[in-house]
Amino acid sequence: MNPRYDKVAIFCETPFQLIVCLNTAVGYLHAKECVVFPVQDMYKSSSRFLVPPQPPLIRHVYPVRRTQASQTSWQGHWNHLRYGKNYTLLDFMYKFPRDMSFDAAVGIRYTARCRQILQAFDKKVPYYMVEEGIGEYSWPRRDGELCADTLASCPMFTSLTHVCLLPDLYRTMYPGETVVQAPTIGPDSPLRPVVRRQLWPGENFRMPALPKVLYFHQPLDGRFDNTDDDRRLREREDAVLALLRQASPGRVQLKLHPREPEDAYPAEELLQLPAAWELVPCMQSIEEMLLVSENSTALISPKLLFDQEPKVLVLEALFPQNPATEGAHQARLRLMETVRGTYRDPRRFCIPRTMEELEENLARLMAL
């Protein structure tokens, strides 16, 4: 039987993480109320999600900074949890791109974070670490990395449960840990309207018409030390975009990363969506769309969060990669290949490794 808690504290940094944590709190922990602590350190601290609270589920929201040296500034907010008969916490493990080396330092850093959060509680609580489940730590796990044993000495700790979007892979990589499946949000879930209200940009917002092909652009600057490598990367992306435009004339648009300037691209090619991408699959079917990106989580969030299966082209194996980040490259490929395995029709999820494969995959996807 699943555990039950009156109240849950949620630590997260992005809308994607918020949705997973909320659904875990309600669908797995049966929480009646959440206190949310958005860690606003993303994209130069311009994060504006989680505003405003939504009683009765989300009564209180307290933004904090990841760089905060002490938990004292949010210690007082635990009082909202203590009014419940029992409470626990959900913490979404996130790695900044520069940290995605999947080495021991990542897990050791999260051990320290968990200890810091637990010290603010006045009684022993179970810890639920929400993760993608792709092997967030070094493999095999090294001393000091986040696991039940490394938290055992913390006075307020009782147990550690890894709530994973892809639990089977996680269990294989890290045997002995307690791992459960993060639930998805079905079409009739009561969380659907909560997510809509949480991510809706404003009362005057209208959902834009969606293209047949949507390219999720990601920053390319600073990938290599050599300018020739940077140039080859951009040339490869230009070739991919040219193929997409040829396959679907006038029906290809770009969704820019929040750090990218819009004036670098023609306005007619940009999807103007002043909201988190997750709002789209939450509100409507996108299974006829083709989503393309190097490795954006926007490619996999429709499946992992809402059990939708849009057509997908992953360019991770096609784009030139820096050998210095080979571990992160292989981990991202492992993630994408695992998500492809969850598709009811894996032909809809393609990971081409050459331009020839890309052309073949693109022709097949457009015909589906």
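1. Start with Glu316. Leaving aside neighbours within four places in sequence, this residue is in contact with Glu294, Asn295, Gln321, His329, Arg332 and Leu333. Keep in mind throughout that this is a predicted model. Glu316 sits in the loop between β11 and α11, the latter spanning 326-342.

2. Is Glu316 buried or exposed? Its relative accessibility is 0%, so Glu316 counts as buried. The cut-off for buried is under 20% relative accessible area.

3. Next, the sheet. It is open and has five strands, in the order β9-β8-β10-β11-β12. Pairing is parallel. Which strands form the edges? They are β9 and β12 (349-350), and each of these pairs on one side only.

4. Look at one end of that order. Strand β8 (residues 213-216) pairs with β9 in the parallel sense, over four bridges. Val213 stands opposite Val252 in β9. Between the two strands the chain passes through helix α8 (residues 227-247). This β-α-β crossover, from β8 to β9, is right-handed.

5. Helix α8 also has a clear place against the sheet. It lies across β8, β9 and β10. Relative to β8, α8 runs at about 165 degrees.

6. One of the pairs can be named: Leu290 has Lys311 in β11 as its bridge partner.

7. The largest nonpolar core has 63 residues. Which members touch the most others? They are Ile10, Leu22, Leu90, Trp277 and Phe349. Helix α1 (residues 15-27) gives the largest share of this core, seven residues. Apart from it lies another core, of 24 residues, among them Leu220, Phe224, Leu233 and Phe319.

8. Which residues does Leu22 contact, leaving aside neighbours within four places in sequence? The list is Ile10, Cys34, Leu57, Ile58, Leu191 and Val194.

9. Glu33 belongs to strand β2 (residues 33-38). At 11% relative accessibility, Glu33 counts as buried, because the limit is under 20%. Leaving aside neighbours within four places in sequence, Glu33 is in contact with Asp6, Lys7, Val8, Pro56, Leu57, Arg59 and His60. Leu57 is also a contact of Leu22.

10. Last, Pro281. This residue lies in helix α9 (residues 279-283). Pro281 is buried, with a relative accessible area of 0%. Not counting residues up to four places away in sequence, Pro281 touches Arg192, Ile286, Pro302, Phe306 and Gln308. What separates the C-alpha atoms of Pro281 and Ala298? The separation is 10.0 Å, and the two residues are 17 residues apart along the chain.

Conventions: Residues are numbered from 1 along each chain as its sequence is written. This is a predicted model: local features need pLDDT of at least 70, side-chain atom pairs count only at pLDDT 80 or more; totals for chains, interfaces and linings use all residues. Side-chain values use heavy atoms; hydrogens and water are left out. Two strands pair if DSSP finds at least two bridges between them. A crossover is right-handed if, with the strands pointing away from the viewer, the path from the first strand over the helix to the second runs clockwise. A nonpolar core is a set of buried Ala, Val, Leu, Ile, Met, Phe, Trp, Tyr and Cys residues joined through side-chain atoms within 4.5 Å. Buried means under 20% relative accessible area, exposed over 50%, partly exposed in between (1.4 Å probe, protein chains only). Contact means heavy atoms within 4.5 Å. Axes are lines fitted to C-alpha atoms, for helices over the stretch in contact, and angles run from 0 to 180 degrees between N-to-C directions.
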